[in-house]
Amino acid sequence: MSLLKLEHVGRRFGALQALKDISLAVEPGELRAVIGPNGAGKTTLFNLISGFFPPTEGQIIFDGQPITAVSPNELVRRGIIRTFQITQVFLSLSVYENVRVAVETAMGLQLRPWISRATRAKVDEKVDELLQVTRIADKADRIVGEMSHGDQRVVEIGIALSRHPRLLLLDEPTAGMGDEETHHMTDLIRRLNKDQGITMLFVEHDMAIVFGIADRITVLDNGTFLAEGTAAEISANPRVQSAYLGTAIEETAA
């Protein structure tokens, strides 16, 4: 059974048809990329899946259950976690404090005036685990606002992992990064997918990254479904080349 299914999904904003008749299925453990030119509908697609607003046509199914009218908070509880193109962290706190706040919130402890020693030990263990998984433990005491953009994005993913995602939505995870930071992020995405088994759906403009790590690729154009397939299939698709990628895709795939 597919973990996520969209069946003939559309979204209108007044007279504007932002998405039209989108159908796709993401399998458990899959690393799926969504690509397309600006205005293709990628952000709208993520907004629908994460419950920011409902589709005006079709339905969205997660783990066999319709989620078309489910609130964002409930979707988080069910395991759909989203990171954003604009990093969202507490800039005045350290890496450790950011992750700890996230873990305590995920465990429902943020409003408790007192936490038992046993519970505190569980929090400590989970925070340490997330710092190790994201390979940022050596920067745990750093103030996040003083760190590079790439490191801040890693912290954001650590925060997202505190919610035990079953489906992780990544919105341009390498945007604004240099080569070294991009390598670190793509390695992290691979490890979380392959080693942790986290299903991922990500939007990315860097075709080298898309073709390097995605199991399958969905292509949108002007709010409609254009193509879907492996890197080899997409790179050879004349409709994709004509509408979006041109000769750049041939150079990337070579």
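Student: Which residues of helix 5 meet helix 6?
Tutor: In this predicted model, H149, G150, D151, R153, V154, I157 and L161 of helix 5 meet E181, H184, M185, L188 and L192 of helix 6. Contact means heavy atoms within 4.5 Å. Helices here are DSSP runs of H or I with at least four residues, and strands are runs of E with at least two, numbered from the N terminus.

Student: How do the residues of that contact divide into nonpolar, polar and charged?
Tutor: They divide into 6 nonpolar, 3 polar and 3 charged. Ala, Val, Leu, Ile, Met, Phe, Trp, Tyr, Cys and Pro count as nonpolar, Asp, Glu, Lys and Arg as charged, and the others, Gly among them, as polar.

Student: At what angle do the two axes cross?
Tutor: The axes of helix 5 and helix 6 (residues 179-194) cross at roughly 15° and come within 9 Å. Axes are lines fitted to C-alpha atoms, for helices over the stretch in contact, and angles run from 0 to 180 degrees between N-to-C directions. Helix 5 is therefore roughly parallel to helix 6, a term for angles under 35 degrees.

Student: Is helix 5 largely enclosed or exposed?
Tutor: Helix 5 is largely enclosed by the rest of the structure, because 11 of its 13 residues are buried. Buried means under 20% relative accessible area, with a 1.4 Å probe and protein chains only.

Student: What do those buried residues pack against?
Tutor: The buried residues of helix 5 pack against strand 6 (80-83), helix 3, helix 4, strand 7 (167-171) and helix 6.

Student: Moving to helix 3, which of its residues are buried?
Tutor: V95, N98, V99, R100, A102, V103 and E104 are the buried residues of helix 3. Their cover includes helix 4 (117-133) and helix 5 (149-161).

Student: What happens just after helix 3?
Tutor: There G108 takes a positive phi of about 75°.

Student: And K126, buried or exposed?
Tutor: K126, in helix 4, counts as buried because its relative accessibility is 15%.

Student: Which residues does K126 touch?
Tutor: K126 touches V103 and H164, leaving aside residues up to four places away in sequence.

Student: What are the ground rules for these values?
Tutor: Residues are numbered from 1 along each chain as its sequence is written, and side-chain values use heavy atoms, with hydrogens and water left out. Local features need pLDDT of at least 70 and side-chain atom pairs count only at pLDDT 80 or more, while totals for chains, interfaces and linings use all residues.

Key:
Buried < 20%, exposed > 50% of the residue type's maximum accessible area, 1.4 Å probe, protein only. Parallel < 35°, antiparallel > 145°, perpendicular 65-115°, else oblique.
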